[in-house]
Amino acid sequence: MSNYRHHIGSGGYCGIEVRDMHPRISQNFTYVSSCVKYMIFMLNFIFWLFGGLLLAIGLYAFKDKWESTGSVRLESFYDVILNISLVLMIAGVVVFVVSFAGCLGALRENTCLLKFYSMCLLLFFLMEMAIAIMGFVFPQNMNSFLEDTFTDKIIHSYRDDPDLQNFIDFAQQEFKCCGLSNAGYQDWSKNEYFNCSSPSVEKCGVPYSCCINATDISSGLVNIMCGYEVQAHSVAAASKRIWTSGCIEIVRVWAERNLYAIAGIALGIALIQLFVIYLAKTLEGQIDLQKSRWSA
């Protein structure tokens with residue numbers, strides 16, 4: 001909007017003075033919000049450190065396993081996903097790279113890095129939603145898939161991978177279960193050490209982590225022989241010494257009992273991810289506006 005004023009000079013000249021009523025944008029003005037920029041930077045800096053920590057732990061565990069066993073078997077996809085140290089390393093690299101892109105993209109106002117970052121977050125979000133929907137809508141199908149896909153591989157690898165062995169023992173003790181599938185403790189007959197035809201002293205047995213009372217109260221020591229010969233007993237007889245149900249079914253029942261808590265946590269994580277994606281896209285738009293101003 002302009003304001004017109006008539007001006008008559010001393011020589012009789014009549015002119016018009018035009019004044020621009022639009023306030024001019026300061027040269028120091030920027031469309032990029034410092035709050036959004038540094039919020040994205042700080043969030044991703046924390047995850048960048050976390051990714052580095054995961055990677056360091058995975059490398060240390062892999063090195064320790066290599067030194068103790070002399071080799072690491074990586075012959076199939078299952079060998080990779082059942083190798084906990086490798087899973088930690090892969091997860092650490094993914095978190096490290098994605099969060100670094102978010103950090104650098106926000107700090108340097110680089111739209112290419114921010115686009116890569118927001119697309120990665122969107123991909124993670126969609127994968128999580130797909131897994132959650134499959135788990136809640138088709139629980140029995142998910143159970144069958146896990147049993148058919150992983151039971152034999154995990155049981156066979158129990159003695160071959162110390163990290164996997166420790167993880168299985170921890171899960172069986174925490175969830176009070178034995179084996180993975182609906183066969184329960186009989187799953188351990190598929191392991192070459194616990195098979196009833198094995199020459200091992202552990203034949204027809206199960207790991208000590210299946211035992212109801214694995215720790216001797218008086219001495220405080222773990223009785224690793226508490227599960228010997230239980231596969232030869234009926235379920236009723238075996239249940240006096242060990243947990244007899246498979247872990248997949250026990251975990252499914254536990255998830256159903258804690259459905260609202262799990263759904264609340266999942267919803268919270270999803271909302272946080274969507275909020276961070278929104279921040280990244282907002283910052284992208286602000287950077288584009290600033291660039292268009294500079295090019296005008």
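Where do K63 and E67 lie, and how many residues apart are they? Both sit in helix α1, 4 residues apart, or about one turn of the helix. Some notes on the rest follow.

1. **Ground rules.** This is a predicted model, in which local features need pLDDT of at least 70 and side-chain atom pairs count only at pLDDT 80 or more, while totals for chains, interfaces and linings use all residues. Residues are numbered from 1 along each chain as its sequence is written, and side-chain values use heavy atoms, with hydrogens and water left out.

2. **Overall layout.** The protein has 9 helices and 2 strands. Going along the sequence, the pattern reads β-β-α-α-α-α-α-α-α-α-α. Helices here are DSSP runs of H or I with at least four residues, strands are runs of E with at least two, and both are numbered from the N terminus. Of the 296 residues, 32% count as buried; buried means under 20% relative accessible area, exposed means over 50%, and partly exposed is in between (1.4 Å probe, protein chains only).

3. **α1 against α3.** Two packed helices are described by the angle between their axes and the distance between the axes. For helix α1 (residues 34-69) and helix α3 (residues 84-107), the axes come within 7 Å and cross at roughly 155 degrees. That makes α1 roughly antiparallel to α3. The axes are lines fitted to C-alpha atoms, for helices over the stretch in contact, with angles running from 0 to 180 degrees between N-to-C directions. On that scale, angles under 35 degrees are roughly parallel, over 145 roughly antiparallel, 65 to 115 roughly perpendicular, and the rest oblique. The crossing of α1 and α3 is left-handed, a label used if the near helix is turned anticlockwise from the far one by less than a right angle (right-handed if clockwise).

4. **α4 against α9.** This pair packs at an angle of about 160 degrees, with the axes 10 Å apart. So α4 is roughly antiparallel to α9. The crossing of α4 past α9 is left-handed.

5. The structure holds 11 salt bridges, each being a side-chain nitrogen of Lys or Arg within 4 Å of a carboxyl oxygen of Asp or Glu. Back to the opening pair: the side chains of K63 and E67 meet in one of these, at 2.8 Å from N to O. K63 is partly exposed at 48% relative accessibility, whereas E67 is exposed at 54%. Over in helix α9 (residues 259-295), K281 and E284 are 3 residues apart, so about one helical turn separates them. Their closest N and O atoms are 3.3 Å apart in a salt bridge. Here K281 is partly exposed at 43%, but E284 is buried at 4%.

6. **E109 deserves a look.** E109 lies in the loop between α3 and α4, and its phi is near 55 degrees, a positive value in a residue other than glycine. Most residues other than glycine have a negative phi, and most peptide bonds are trans. The side chain of E109 also meets that of K37 in a salt bridge (3.1 Å, N to O). With E109 in that loop and K37 in helix α1, the pair ties together parts that are 72 residues apart in sequence. E109 is partly exposed, with a relative accessible area of 24%, while K37 is buried at 12%.

7. **K176, another positive phi.** K176 has a phi of about 55 degrees although it is not a glycine. Its place is the loop between α6 (162-175) and α7 (235-238). K176 counts as partly exposed, with a relative accessible area of 49%.

8. **A linked set of charges.** K65, D161 and D163 are linked in a network of salt bridges.

9. **Nonpolar surface patch.** I133, M134, F136, V137, F138 and L259 form a nonpolar patch on the surface, with about 530 Å² of accessible area together. Patch members have over 30% relative accessible area and no salt bridge; like charges are joined within 9 Å, and nonpolar side chains (Val, Leu, Ile, Met, Phe, Trp, Tyr) within 5 Å. The accessible areas come from the Shrake-Rupley method with a 1.4 Å probe, and for residues only the protein chains shown count as cover. Helix α4 (residues 111-137) gives the largest share of the patch, 4 residues. F138 is found in the loop between α4 and α5 (139-156), and it is partly exposed at 39% relative accessibility.
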